[in-house]
Amino acid sequence: MKTKKSKRKDKFYIEFSTADRLGICLFRYQLYPKEKFLAVNPALTKILRYDSEKEIHDLTVRSLFKEAKEAGNFLRILKNEKIVRFHEAKFKTKDKKDVWVAITAYLRESDNSRKHLYIEGMLEDITRHKELEEKFTFEKELFQNLLDNLPDAVYFKDDKNRLVRVNKFYARGFKMKPEDIIGKTDFHFFPEDQAQKMFDDDTHILKTGNPIIGKIERTLLPNKTYNCVTTTKIPVRNKNGDVIGTMGITRDITVYDQLERNRLDMVMSSLKVLDRVLEIRDPYTFGHTRRVSIIAEKIAQEMGWDENKILSLKMSAELHDIGKILIPLEILNKPGKLSDLEIKMIQEHVKKCYDMLKTHDFPYPMPEAIYQHHERLDGKGYPRGLSGDSVIPEARILAISDVLEAMTFHRPYRAALGLKKAVQELKDNSGIKYDHNIVNLALKIINENNFQPFWMKENAAY
Ligand SMILES: [Fe+2]
Ligand SMILES: [Fe+2]
């Protein structure tokens, strides 16, 4: 049989002073017949910024709530449920400041009559917690607002490159709801070769943690048109710093791309005017630079160069012989064999062109590519007799393109030698005069075009 003492051991009492130290506010309140605080601990006085417990004794519990409606709500729940747990409410301090509290209380009736009602309970100051929660909610809503209203496609992918979140703009592009896209990969939306490139980029970021900034891509849309986009992808990390996914933002720049293309077309047209001047002086070279440009572009594409680098190569090709404008007509158009001096004078077209271009700034080595287009890897070219690594890749491509075109087109002093001989020239001198890898690529392209000089077909477009 349990003693009275042992029964007491089962109960746990918390002293007001202990509660104070823990920052827990305790109170006992008479709700009926007359509302009044019977007891409060100093912690409650402190959070409500009163000077003494007595000041609170003179108040009603309703008056502590900031809004009368909130007080009514609290008391209604308590009367119905007899107990409230962590009921959040806004109280006001003595100096009219807001303080958030969480109230846990129960309604006690007096033991022998129903005439007395008491509320006994505790409350905690949760202002800091609520501020953080409000800040978090604000930032969450801000982020969601940003995502939903951004005129760019934003997406998050997991470590298997599956979409885990996309914004409305992204989903609209595929005429879907954002939630219907979750779990899918790029292979669901794009042609396989494009999706594979995107997959490879994402995998690269997952493996290295390195972002891809401002990559310009053309993507095929569901309506079968292409758009131009710039994409930035960054790694998403967990709190330990491990890469757990990727986040990307893609902006449609088709309009700017078209403007840029229009500008480039104007520049290219201006270059063609220069070519035209050369052709008037030297009719036998009609279309030469255009055809060299076509071959060079194909080779550079095969080498995987980016668009701007290819464009600079094409412009170099368009300009590569423009120095011939300064060569006397009687030498330029002379049929038959040229003297050594005349050959030397024609060879000067390279230096003359370089001198015209060298004072201008180009983001790519256009003047140098033109300067070197008659150099050969064995050092037997001109004008400087450069060899090996001194010959830049652009010049190596131009050299091969120039030879291919020149040998397959007639000249005043000889008939066209034909593609077969041109190919033989490249094969015989591959790795000697000409870059071995570039020769192989040129031969591959010729092969893919059924051994036809594809650069001839484009004459009409010139
Ligand atoms: Fe030339
Ligand atoms: Fe040329």
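Modeller: Let us begin with one residue of this predicted model. Leaving aside neighbours within four places in sequence, Ile400 is in contact with Leu426, Tyr434, Ile438, Val439 and Ala442.

Biologist: What makes these residues count as being in contact with Ile400?

Modeller: The criterion is that the C-beta atoms, placed from the backbone, lie within 7 Å. Leu426, Tyr434, Ile438, Val439 and Ala442 are the residues in contact with Ile400 once its neighbours within four places in sequence are left aside.

Biologist: Which residues have the most contacts inside the largest nonpolar core?

Modeller: They are Ala296, Ile397, Ile400 and Ala442, in a core of 36 residues. Helices 12 (288-302), 13 (307-319), 15 (340-357), 16 (366-371), 17 (393-407), 18 (419-428) and 19 (436-448) each supply at least two of its residues. Helix 17 gives the most, with 8 residues. A second, separate core has 23 residues, among them Ala43, Leu64, Phe91 and Val101.

Biologist: Asp402 also lies in helix 17. Why does Asp402 count as buried?

Modeller: The threshold for a buried residue is 20 or more other C-beta atoms within 10 Å. Asp402 has 22 C-beta neighbours inside 10 Å, and therefore it counts as buried. Apart from neighbours within four places in sequence, Asp402 is in contact with Val292 and His373. The C-alpha atoms of Asp402 and Ser293 are 8.8 Å apart, although 109 residues separate the two in sequence.

Biologist: How do you know that helix 11 and helix 13 are roughly parallel to each other?

Modeller: Helix 11 (residues 254-281) packs against helix 13 at an angle of about 20 degrees, with the axes 9 Å apart. Angles under 35 degrees count as roughly parallel, and therefore this description applies to helix 11 and helix 13. Their crossing is left-handed. Leu264, Leu271 and Asp275 of helix 11 meet Leu311, Met315, Glu318 and Leu319 of helix 13.

Biologist: At what angle do helix 12 and helix 13 pack, and how far apart are their axes?

Modeller: The angle is about 155 degrees and the axes are 8 Å apart. Because angles over 145 degrees count as roughly antiparallel, helix 12 is roughly antiparallel to helix 13. The crossing of helix 12 and helix 13 is right-handed. Residues making the contact include Val292, Ser293 and Ala296 of helix 12 and Ile310, Leu313 and Ala317 of helix 13.

Notes. Residues numbered from 1 in each chain as written. Chains lettered and ligands numbered in written order. Predicted model: local features only at pLDDT ≥ 70, side-chain atom pairs only at ≥ 80, totals over all residues. Core = buried A, V, L, I, M, F, W, Y, C linked by C-beta atoms within 7 Å. Buried ≥ 20, exposed ≤ 12 C-beta atoms within 10 Å, placed from the backbone. Helix = DSSP H or I, 4+ residues; strand = E, 2+ residues; numbered from the N terminus. Contact = placed C-beta atoms within 7 Å. Axes fitted to C-alpha atoms, helices over the stretch in contact; angles between N-to-C directions. Parallel < 35°, antiparallel > 145°, perpendicular 65-115°, else oblique. Left-handed = near helix turned anticlockwise from the far one by under 90°.
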